[in-house]
Amino acid sequence: MSAVRRELTQTQWLEALGVDPFWIVDTPQPAQELALQPSIAVVEKTADWTSLDRNIRSCKNCTLSRSRKQAVPGSGDHQADWLLIGEAPGAEEDMAGLPFAGQSGKLLDAMLAALGLKRDKGVYLTNAVKCRPEDNRTPEAAEIDACNGFLSQQIEQIQPKVILALGRPAAYAVLGHEASIQSMRGTVHYRQLGDRKIPVVVSYHPAYLLREPAEKWKAWQDLLLARQSLEV
Ligand code: URA
């Protein structure tokens with residue numbers, strides 16, 4: 001992050017995000033429990049990050065492994081309160097081996113900064129599938145299912161206080177439920193983890209927000225709902 005970006009005030013961040021600061025006072029809808037379950041995939045269960053990342057990097061559970069340069073397990077704080085889940089690595093992530101390395105990532109960083117968060121502190125970033133689908137197509141449900149065991153292990157190991165699912169594939173990966181973003185937004189869903197229920201908020205993918213900047217204020221509402229559900 002450049003020195004200039006660090007000096008921005010929160011209001012300036014919100015403006016950069018396309019958010020009128022007055023939206024902050026909008027009250028998010030109350031949380032409702034939907035009791036949704038994720039789909040189950042069979043992957044080797046590991047007890048630590050090194051083996052988990054190694055297993056992801058050597059995975060051949062689906063055909064995406066044939067075209068990838070490298071798998072992208074995820075990055076950030078292993079003790080994060082916030083787990084953000086995107087769709088899949090794109091070309092830049094496939095090259096870098098890191099999630100959200102391109103333009104979507106820049107917007108995501110700005111969104112996190114508006115909340116006083118950083119991608120490597122209190123936040124972990126990963127994707128519904130860990131390998132790049134060719135031509136950046138949307139991953140298929142079968143590919144998400146094949147990768148889902150890895151996501152489940154990441155959730156178990158991080159034990160986040162809130163999960164933000166960015167886009168339909170991410171929502172499907174976490175909740176095992178295919179529906180439009182519009183229908184899933186504005187409600188707190190839950191992901192069961194042992195005897196805990198982790199709040200899950202569904203929002204738009206940053207790539208969509210780059211194409212439709214007028215929708216950014218909705219993403220800001222979603223972030224506020226996620227923060228509110230984390231504080232409950
Ligand atoms: N889009 C995603 O969904 N994930 C990334 O890591 C990058 C772009």
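Modeller: In this predicted model, the largest cavity is lined by 14 residues, and C59, C62, L64, C131 and C147 lie nearest its centre. Helix 4 (64-67) and helix 7 (141-158) each give two or more residues to that lining, and helix 7 supplies the largest share, 4 residues. Local features need pLDDT of at least 70, side-chain atom pairs count only at pLDDT 80 or more, and totals for chains, interfaces and linings use all residues. Residues are numbered from 1 along each chain as its sequence is written, and side-chain values use heavy atoms, with hydrogens and water left out.

Biologist: What makes a space a cavity rather than a pocket?

Modeller: On a 1 Å grid over the protein atoms alone, a cavity is a set of points where a 1.4 Å probe fits but cannot get out, whereas a pocket is an open set with protein on both sides within 12 Å along at least five of seven lines; lining residues have an atom within 4 Å of a point. The count comes to 1 cavity of 30 Å³ or more, and about 110 Å³ of space lies in the largest cavity.

Biologist: How many residues line the largest pocket, and which lie nearest its centre?

Modeller: The largest pocket has 25 lining residues, with E87, S104, H205, A207 and R211 nearest its centre, and it holds about 550 Å³ of space.

Biologist: Where does the ligand sit, and what does "sits in" require?

Modeller: The ligand sits in the largest pocket; the term requires that more than half of a molecule's atoms lie within 2 Å of the grid points of the pocket.

Biologist: Which residues surround the ligand?

Modeller: The ligand is surrounded by G86, E87, A88, E93, P99, F100, N127 and H205, where a residue is near a molecule if one of its heavy atoms lies within 4 Å of it.

Key. Points joined across faces, edges and corners; volume = space filled by probe spheres on them.
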